[in-house]
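Here is a short report for a reader new to this structure.

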Amino acid sequence: MKAWILAGALALAGMAGAEAQTLAAVKARGVLNCGVSQGFAGFSAPDSRGEFRGLDVDYCRAVAAAVLGDATKVRYVPLTAQARFTALQTGEIDVLFRNSTQTFLRDASLGLNQGPVNFYDGQGFAVRRDASVGKVQELDGATICVAQGTTHELNLNDVFRARGMKFSPVVFERIDTMYEAFYAGRCDAMTQDASALAGALTAARDPAAYRVLEETISKEPLGPFTRNGDDQWSNIIAWTHYALIEAEELGITAANAEAQAAGANPNAQRLLGTAGEFGSRFGLDNRWALNAIRAVGNYGEVFERNVGQGSTLKLRRGLNGLWTQGGLMYAIPFR
C-alpha cells in the first residue's frame with residue numbers, strides 16, 4: 001500500500017513538472033512567443049510602424065502582462081493556416097491566437113488544447129456590389145476563393161453539396177494572395193470568417209465596391225490553442241480570458257483598475273489580487289490579472305478598440321456581448 005502511494009505521488013510530481021514546462025520556459029526566456037495571423041485587420045496586422053495590432057494581439061499582450069508583468073514582452077510569429085498548428089506542436093510558439101476555429105477533430109486529433117472562445121463568428125462571403133448577389137443560394141456555379149487548411153474549405157463543400165449547388169474553388173495557401181486574387185477578379189466571391197472579410201474590405205483599393213453578405217453558413221468559435229499535457233499553462237491562458245470578461249462585468253477598466261483593486265468590492269479584490277492567493281496557484285504574481293487588465297483593458301475595451309465601433313470594422317457586439325446583455329460572454333467566478 002505504501003509503495004502504491006509512493007508511486008502515485010511520484011507520478012503526480014512528474015506530471016506537475018511536465019505541466020509547468022511552458023510557464024518555466026517563458027519566464028526563463030523573458031518573452032512570450034505568440035502565434036498570430038499574417039494579416040487580419042482587427043485581429044492581428046502590422047500598423048504603419050510595423051507594430052502588430054488587433055484583438056488577438058491584445059490577448060498576446062494580456063498574457064505577457066499576466067506572466068511577465070510587461071505587455072511588451074511578446075514575439076509575434078505570423079503563421080499561415082497550414083503552418084499554425086505545427087508551430088505550436090513543435091514548440092515554436094507558446095500559444096496560438098490566430099483566428100482559429102475550435103472543432104471536435106482539432107480537439108481530438110492534434111494533441112492540442114482548445115481554450116475558451118474569445119470571439120464568436122461565422123463563415124461569410126464577400127462579393128462585388130455590382131454582381132447583384134444578395135444570398136448564398138445565388139452563388140450557385142460561382143468561382144470562390146478560399147484559404148487552404150481551414151474549416152472554410154470543409155464548410156464550403158458541405159453546405160453547397162447539401163443545397164445541391166455547384167462551385168469552383170480557387171484555393172490559396174496565403175491569405176494576402178487570396179485577397180489580391182479576389183480584388184483582381186479571379187473569383188466571383190471570397191469566403192472566410194465574416195469578421196475577417198469585413199476587415200479585409202477596409203483595406204481594399206475601393207472598399208465601397210464590395211460587401212459581405214449578411215448570411216453565414218457556419219459556427220466559427222475562435223479562441224486560443226495550447227499544447228496538451230501542460231494544464232498549468234492552459235489554465236493561465238483560459239483564466240486570462242475570464243479575467244478580461246470578469247473585469248467588464250464589474251466595470252473595471254484599464255484606467256480604473258488600480259483604484260478598483262483598493263476598493264471595497266470583494267469580487268474586484270479577488271480578481272485584482274488584493275484578497276486571496278489566486279496567482280500563486282498558477283505560479284504567478286498575485287497581481288497577474290491586474291497587470292493584464294491595466295495593459296489592454298477589459299474585454300469590452302479590447303473588442304471596441306479593435307473590431308467594434310472604435311475601429312474601422314465597426315462590428316456589433318452581438319454574440320460577443322456579455323451574457324447580461326444578450327451575448328455569450330460569461331466569466332467563470334473568481335472564488
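## What lines the cavity

The lining of the largest cavity has five nonpolar, six polar and four charged residues. Here Ala, Val, Leu, Ile, Met, Phe, Trp, Tyr, Cys and Pro count as nonpolar, Asp, Glu, Lys and Arg as charged, and the others, Gly among them, as polar. The lining comes to 15 residues. Nearest the centre of the cavity lie Arg-84, Arg-98, Asn-99, Thr-150 and His-152.

This is a predicted model, in which local features need pLDDT of at least 70 and side-chain atom pairs count only at pLDDT 80 or more, while totals for chains, interfaces and linings use all residues. Residues are numbered from 1 along each chain as its sequence is written, and side-chain values use heavy atoms, with hydrogens and water left out.

## Size and surroundings

How many cavities of 30 Å³ or more are there? The count is one. A cavity is a set of points, on a 1 Å grid over the protein atoms alone, where a 1.4 Å probe fits but cannot get out; lining residues have an atom within 4 Å of a point. The largest cavity has a volume of about 120 Å³. That volume is the space filled by probe spheres set on the points, with grid points joined across faces, edges and corners.

Two elements each supply at least two residues of this lining: α6 (151-162) and β11 (189-193). Helices (H or I, at least four residues) and strands (E, at least two) are DSSP runs, numbered from the N terminus.

## The Cys-34 to Cys-60 link

The model has two disulfides, each a pair of cysteine sulfur atoms within 2.5 Å. One joins Cys-34 to Cys-60, with 2.0 Å from S to S. This link is left-handed, at -75° about the S-S bond. Cys-34 sits in strand β1 (residues 32-37) and Cys-60 in helix α3 (residues 55-68), so the pair ties together parts 26 residues apart in sequence. Both Cys-34 and Cys-60 are buried (under 20% relative accessible area; exposed is over 50%, partly exposed in between; 1.4 Å probe, protein chains only).

## The Cys-145 to Cys-187 link

Another disulfide joins Cys-145 to Cys-187, with 1.7 Å from S to S. Is this link left-handed or right-handed? It is right-handed, at 65° about the S-S bond. Cys-145 lies in strand β9 (residues 142-147) and Cys-187 in the loop between α7 (175-183) and β11, so the pair ties together parts 42 residues apart in sequence.

Cys-145 is buried, at 0% relative accessible area. Cys-187 also counts as buried, at 6% relative accessibility. With the bonded cysteines numbered in sequence order, the pairing reads 1-2, 3-4.

Technical notes:
On a 1 Å grid over the protein atoms alone, a cavity is a set of points where a 1.4 Å probe fits but cannot get out, and a pocket is an open set with protein on both sides within 12 Å along at least five of seven lines; lining residues have an atom within 4 Å of a point.
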